[in-house]
Amino acid sequence: MSDVARALSYTLHKFAAEEPGAFGIADINEAVVDMLHNTVGRVAQVRRILEQRDFHLAFQPIVSLATGKLHHVEALIRVGDCGSPAEFIAFAERIGLICDLDLLVCQAALDVLKQAEDQGRAVPDIAINLSAVSLASPLIIEQLQALLRPHQGLTRKLLVEVTETATVNDFQGLNRVLGTCASSACGSAWTTSAAARRRSCRSTNCAWIMPSWTVGSCKGR
């Protein structure tokens, strides 16, 4: 699908979701054109960010309350001029570019682990967030496994959780995918959802501790 088609599809869905009476008959055409123009610009911005890898990861520490020791860190995407990361991710899902973003985030986390290994530095396990949209795509799963396969020594330090930004309708299918990935050569730790991991973390006396910190930039890697 072309980026123009992505923008048109998003605009039509957004226009259809507007409250009745939001636009008069006389200005419907102008309103749609304005919305489409704005969406085309936003899609182009997301595409540029992905192509240039113009984002970085901030790492939120998760600490055991029982021991006071770091349990792992959660990788959170930060994009310079795109405002809220949640809005950026939600928009990427709606225009069909979230799979590209998820693969890049996974690569960025592997880059951090690989750099630490090369420098002989110890780093905590890193949890990355993947969209349920990505995990519903057999092609993306194949690409993700291909990305992880050469780094089996590092994937034991890579945790994966499924974000709740997209609705999951087929939990059995999702669990099958997670099970396949967990038992494959990837060797990563997979969980069914962010909520499930938080429940598990609470049961083991872990907590999210502010603030997060940034490690490098993914730009140009």
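Why is strand 4 (residues 158–162) largely enclosed by the rest of the structure? Five of its five residues are buried, a word that here means under 20% relative accessible area with a 1.4 Å probe and protein chains only, and strands are DSSP runs (E, at least two residues) numbered from the N terminus. This is a predicted model, in which local features need pLDDT of at least 70 and side-chain atom pairs count only at pLDDT 80 or more, while totals for chains, interfaces and linings use all residues. Residues are numbered from 1 along each chain as its sequence is written, and side-chain values use heavy atoms, with hydrogens and water left out.

In a regular strand the side chains alternate between the two faces of the sheet. Leu158, Val160 and Val162 point one way from strand 4, whereas Leu159 and Glu161 point the other way. Strand 3 (residues 126–130) runs parallel to strand 4 and is joined to it by five bridges, where pairing requires at least two bridges found by DSSP; Ile128 has Val160 as its bridge partner in strand 4.

Turning to helix 1 (residues 3–16), Thr11 has its place there, and it counts as buried at 1% relative accessibility. The side chain of Thr11 reaches the backbone oxygen of Ala7 at 2.8 Å, and a polar contact (N or O atoms within 3.5 Å, one able to donate a hydrogen and the other to accept it) of 3.1 Å joins the side chains of Thr11 and Thr39.

As for confidence, the protein has a mean pLDDT (the predictor's confidence in each residue, from 0 to 100) of 77, and 71% of its residues reach 70 or more.

Methods:
Buried < 20%, exposed > 50% of the residue type's maximum accessible area, 1.4 Å probe, protein only. Helix = DSSP H or I, 4+ residues; strand = E, 2+ residues; numbered from the N terminus.
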